[in-house]
Amino acid sequence: ADPSAIVPWEPDDDADDDADDDADDEYSNYTYPTATPTTRPTTRPTPLPGSPTLEPTFDPTSAPSRVGQINVLSTSDSAHPQASDCIGGTSICNLRSAWEACISMEGTACLIVLPEEAVIVMDTGGYGSLALRQGMNVTIQGRGSSIVSSSVGSSDRLIYYQEDTSTIYHPTMNLYDVTIRGFGSPSMDGGAIYLSGACSVLLDNISFVENVGAMGGAVYAAD
């Protein structure tokens, strides 16, 4: 074959222009659909049964709204707390009794709801700390309340946990929206909260004020 006889290809500009004109005519006559705006749902999904809620409904005149929720109605402490004190929304249900009720639930998710912006007085020097037990699953919704020691600077911790290595069921504790004031002493570690061993703890919007400890004036945590 004679290479000189091969004619190189050149684009047909006129053909491209004609195609562009046809495309313009096609889309100029096309009616675009109007987009329909969507709205986000205003209701929250229903939580799984037994799961704690961060915004519980507190009604001091009624019993707890669901299984596992305990409404604290008394702001005082007691030497002999009973889980039964918090059955039926009785007025003697204080924080220590509610804690005992959570212990009795044996691993069921337990929600303790404090009265809004109240002052909860705890005599840990006389009655001892709230003991976080193996397998507990407890949430305290403070709702702006304060938990204060009856004897600032010379009391026991508010919450105490020492791991029991004989079991694999470690505790879970969540604290929300509360001020913890005046617990502990210079002779002990962990003024407000003492944690030793495997556990799951969440502290959200917690204020620690005037708590005292040799190590960890607010919180002491060790493996």
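Biologist: Which residues does W99 touch, not counting residues up to four places away in sequence?

Modeller: Contact means heavy atoms within 4.5 Å. By that rule W99 touches I112, L130, A131, L132, M136, V138, I140, I159 and M173. Please note that this is a predicted model, in which local features need pLDDT of at least 70 and side-chain atom pairs count only at pLDDT 80 or more, while totals for chains, interfaces and linings use all residues. Residues are numbered from 1 along each chain as its sequence is written, and side-chain values use heavy atoms, with hydrogens and water left out.

Biologist: How many residues has the largest nonpolar core?

Modeller: A nonpolar core is a set of buried Ala, Val, Leu, Ile, Met, Phe, Trp, Tyr and Cys residues joined through side-chain atoms within 4.5 Å. Buried means under 20% relative accessible area, exposed over 50%, and partly exposed in between, with a 1.4 Å probe and protein chains only. Here the largest core has 34 residues, and W99 is among those with the most contacts inside it. Its largest share, six residues, comes from helix 2; helices (H or I, at least four residues) are DSSP runs, numbered from the N terminus.

Biologist: How many disulfides are there?

Modeller: A disulfide is a covalent bond between the sulfur atoms of two cysteines. In practice, a pair of cysteine sulfur atoms within 2.5 Å qualifies, and the count comes to two. The sulfur atoms of C86 and C93 lie 2.1 Å apart, and this link is right-handed, with 90° about the S-S bond. For C102 and C110 the separation is 1.9 Å, and their link is left-handed, with -55°.

Methods
Helix = DSSP H or I, 4+ residues; strand = E, 2+ residues; numbered from the N terminus.
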